[in-house]
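Reader: Hello! Could you walk me through how to read this structure?

Author: Gladly; let us look at it together.

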Amino acid sequence: MIQDLDTNYRYMTEGDIGVTREIEIKANPMPWTEKNFTDCLSNGYYCLSQEVNQEVSGFAIQTISLQEARLLNIGIREKFRKKGLGQDLLNQIVSTSKEMGSKKIFLEVRISNKEAIELYNKSGFKKLSLKKNYYRLPDGREDALVMVKKLRKAWRFF
């Protein structure tokens, strides 16, 4: 389905924070604040905006180093879901992590977020561990599943 869409990727700007927050609020029971997003931008995190027909359809934020990348947040606008855009956005993040030299990419996901876990599994992420009471919720806390995907093998010297 994505091949029928005019999809574009670009670095997120402060002007994108309003729509990014809208996506975040509808996707997460305890959404990031505007300050969380501005801090990521000002700290130089890799902040990606996805557009369909020049309209922001999704976003992803990650940190990248030579050893590892960490996907901090990802979301697709409701009206653009179920079109393969989440998979495409995740592929962009994985590809960028590889290009920047990371050996692995990590993420945490709420254990109740079955759709996201399925997407990550389909993309080659493996369950690594469980973080008890990691996510704050309006009525308590929820465990996080830590997942990892190997991007390249470490160099071996003979």
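Author: From the N terminus on, the protein chain runs β-α-α-β-β-β-α-β-α-β-β. Helices (H or I, at least four residues) and strands (E, at least two) are DSSP runs, numbered from the N terminus. This is a predicted model, where local features need pLDDT of at least 70, side-chain atom pairs count only at pLDDT 80 or more, and totals for chains, interfaces and linings use all residues. Residues are numbered from 1 along each chain as its sequence is written, and side-chain values use heavy atoms, leaving out hydrogens and water.

Reader: How many helices and strands does the protein chain have?

Author: The protein chain has four helices and seven strands.

Reader: What share of the residues of the protein chain count as buried?

Author: Buried means under 20% relative accessible area, exposed over 50%, and partly exposed in between (1.4 Å probe, protein chains only). Of the 158 residues of the protein chain, 41% count as buried.

Reader: How many aromatic pairs does the structure hold?

Author: Rings of Phe, Tyr and Trp (its six-membered ring) pair if their centres lie within 6.5 Å; planes under 30 degrees apart are stacked, over 60 edge-to-face, and the rest tilted. The structure holds five aromatic pairs. One of them is the tilted pair of tryptophan 32 and phenylalanine 37, at 5.1 Å centre to centre and 55 degrees between the planes. Both tryptophan 32 and phenylalanine 37 are buried. Trp32, Phe37 and Phe59 form one aromatic cluster.

Reader: Which kind of pair do tyrosine 134 and tyrosine 135 form?

Author: Tyrosine 134 and tyrosine 135 pair edge-to-face, 5.0 Å centre to centre with 90 degrees between the planes. Tyrosine 134 is partly exposed at 36% relative accessible area, and tyrosine 135 is partly exposed at 23%.
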